[in-house]
Amino acid sequence: MADKLYISETPEDVKSAKGLHLLTANTPNGQAKEDWFLRLNPNGRIPVLIDNTQSPPFPVHETSAELFYLLKFADKDDKFGFKDELERSEAIQWTFFWHGSGAPYQGQTVHFLRAPEKIECKKTPRGSYYYAINRFRNETLRVFGVLEIRLSGKYTGEPREYLAGKGKGKYSIADIKTWPWVNAWEKTGFKREEVEQFPHLLKWIDRIAQRPAVQKGIDSKYTKS
C-alpha cells in the first residue's frame, strides 16, 4: 500500500503532509475524480482524512467514519465521545441516523431545489415545487421531527441539550455530525414558520452555535457562500 497510495500526480502538499491531513472543499474542482485522488477514496468524494502517523499512511473516507477514527486516535479522553458503552451506543445510533436518514434527504432537497430544470415531472397542484423537491423536503422535515422528539424528551419526560449521553446529554460526535446540516435549514429552502414546529431543535442549533470552536469553524475565512 505504501508505494500505491501516493503517485507522481499526487499534489506535493498531500504527499509531504505530516500527521492528520484533511482534504476538503479546497481540493480543486474535478481533481476528486483523478487517479491520485481515487487511490485515497474510490468514491471520489471529499472530505478524505489521511493519517500520516501510520505506516503506510492510512486514508479514511465518509465523514462519520472519519469522526469515529478521530475519536479513537485523537481523543483519548473521549471529550467528544463516551467511555460508557451504552452512551457510546447512543452516539453511534444518532450519528448513523443522521448519516443515513438526514444528510441524504437534505442533500437531495438542495440538489433538486437548485436544479429544477433538470427534473422532468409534473408540478404539484400548488405549482411551487416539483414532486422530487416535495418528496425530499417532506422527508427532511420528518427527520427534523425525529430530532425534535429526541431533544424534547417527549417519551422520557426529560428534555435534552444534546443527542447522546445520560440525562441532558453531552456534546459529542453525534451533534458534530448533525449540526452543520440542520443549521443550514434556511439555505436548504425552508421558511421560519416551517421549522418553528421544532422549538427544541432550534434551541439545540443556537446552543451549539454559541460554542467558541464552532464560532471559529463557521467564520467567514472557513466558509464559502
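**Close-up 1. Lys 166, exposed at 59% relative accessibility, and its partner Asp 84.** Here, exposed means over 50% relative accessible area, buried under 20% and partly exposed in between (1.4 Å probe, protein chains only). Asp 84 is partly exposed, at 29%. The two side chains meet in a salt bridge at 3.9 Å, N to O; that term takes a side-chain nitrogen of Lys or Arg within 4 Å of a carboxyl oxygen of Asp or Glu. Lys 166 sits in the loop between α6 (131–152) and α7 (173–182) and Asp 84 in the loop between α4 (63–74) and α5 (85–114), so the pair ties together parts 82 residues apart in sequence. Helices are DSSP runs of H or I with at least four residues, numbered from the N terminus. This is a predicted model: local features need pLDDT of at least 70, side-chain atom pairs count only at pLDDT 80 or more, and totals for chains, interfaces and linings use all residues. Residues are numbered from 1 along each chain as its sequence is written, and side-chain values use heavy atoms, with hydrogens and water left out.

Close-up 2. Glu 139 is buried at 14%, while Arg 135 is partly exposed at 37%. Arg 142 joins both of them in a network of salt bridges.

**Close-up 3. Trp 204, buried in helix α9 (residues 199–209).** Its relative accessible area is 0%. Beyond neighbours within four places in sequence, Trp 204 has contacts (heavy atoms within 4.5 Å) that include Leu 151, Tyr 162 and Trp 179.

Terms used:
Helices (H or I, at least four residues) and strands (E, at least two) are DSSP runs, numbered from the N terminus.
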